[in-house]
Amino acid sequence: MAWSLVWIGLAGGFAVLLYFWRGHTPALEFVTGYIVELSLSVDNLFIFLLVFRYFRVPPEYQYKVLFWGILSAVIMRAAFIVTGVKLIQQFHWITYVFGAFLVYSGIRLVGQENATIHPEKNLALRLFRRWVPVTDDFVGDRFFVRRPGVYATPLLVVLVVIETADLFLAVDSIPAVLAITLDVMVVYTSNIFAILGLRSMYFALAGMMEMFEYLHYGLALVLVFIGGKMLTAHYYEMPTVMALGVVAGILITAVLGSLVFPRKKRA
């Protein structure tokens, strides 16, 4: 929890730096993008938890998986963001494609509240297992072993599943931030600050995730709202401060609703 607060504090400090460096608008866009990305990343923590439970990964090995997963995400998102910005700048109609996709993703998310994961159906994992031999059990925190020949361990399999999950998260979250700004630096830094704190946030919230029962619906509504913002941007350019207020209001309502009006009886 302390490290989560440290990462949030660093993001806040960067927003202040951005305010004095580039002005009010970029700083506000950064904060809005950071909140959107962080909230969608929290939803991804549920997936991480399910994956670790499915593969029965000991807690001491989860640190390493999340470290390398986040490092890979930092690199992958840079390519995603640059590509997305260039597409929108060259083909304006892509904005409507992204907007429609976000609305669809939000509606689809509502129906996935009780969805379960099936790693055995993961295409990347099936291709990986077809070409790479895998040991039956974990071998400490190692990804590869020799016995004889090079074998991958189940820990590497978990990393492949985590990376695939983050890839699908990026497909939703990056267009959502691009709806706020096309400033590559602002989009990238808001993404990076959000995901750098994911590992600390996972271990802080792992035991409390089931408490936030309505957060799922709040995130779905955020996606629909941002998608609608992209679709109507040609007719009405919503002020960033208004978008920030709406997103923050939705998330706060979802969290407070989960705590005050729980649907499930907790032990």
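The residues lining the second largest cavity divide into 7 nonpolar, 2 polar and no charged. Here Ala, Val, Leu, Ile, Met, Phe, Trp, Tyr, Cys and Pro count as nonpolar, Asp, Glu, Lys and Arg as charged, and the others, Gly among them, as polar. This is a predicted model, where local features need pLDDT of at least 70, side-chain atom pairs count only at pLDDT 80 or more, and totals for chains, interfaces and linings use all residues. Residues are numbered from 1 along each chain as its sequence is written, and side-chain values use heavy atoms, leaving out hydrogens and water.

The structure holds 2 cavities of 30 Å³ or more. A cavity is a set of points, on a 1 Å grid over the protein atoms alone, where a 1.4 Å probe fits but cannot get out; lining residues have an atom within 4 Å of a point. Points are joined across faces, edges and corners, and a volume is the space filled by probe spheres set on them.

| Cavity | Volume |
|---|---|
| Largest | about 60 Å³ |

Let's look at the second largest cavity. Its lining includes Ser4, Trp7, Tyr34 and Phe193. Helices H1 (2–22), H2 (24–55) and H7 (184–196) each give two or more residues to this lining, and H1 has the largest share, 3 residues. Helices are DSSP runs (H or I, at least four residues), numbered from the N terminus.

Now for the largest cavity. Among its lining residues are Phe48, Gly69, Ile162 and Asp166. H3 (59–90) and H6 (154–178) each supply at least two lining residues, with H3 giving the most, 4 residues. By class, this lining has 7 nonpolar, 1 polar and 1 charged residues.

Methods. 1 Å grid on protein atoms, 1.4 Å probe; cavity = no way out; pocket = protein on both sides within 12 Å on 5 of 7 lines; lining within 4 Å.
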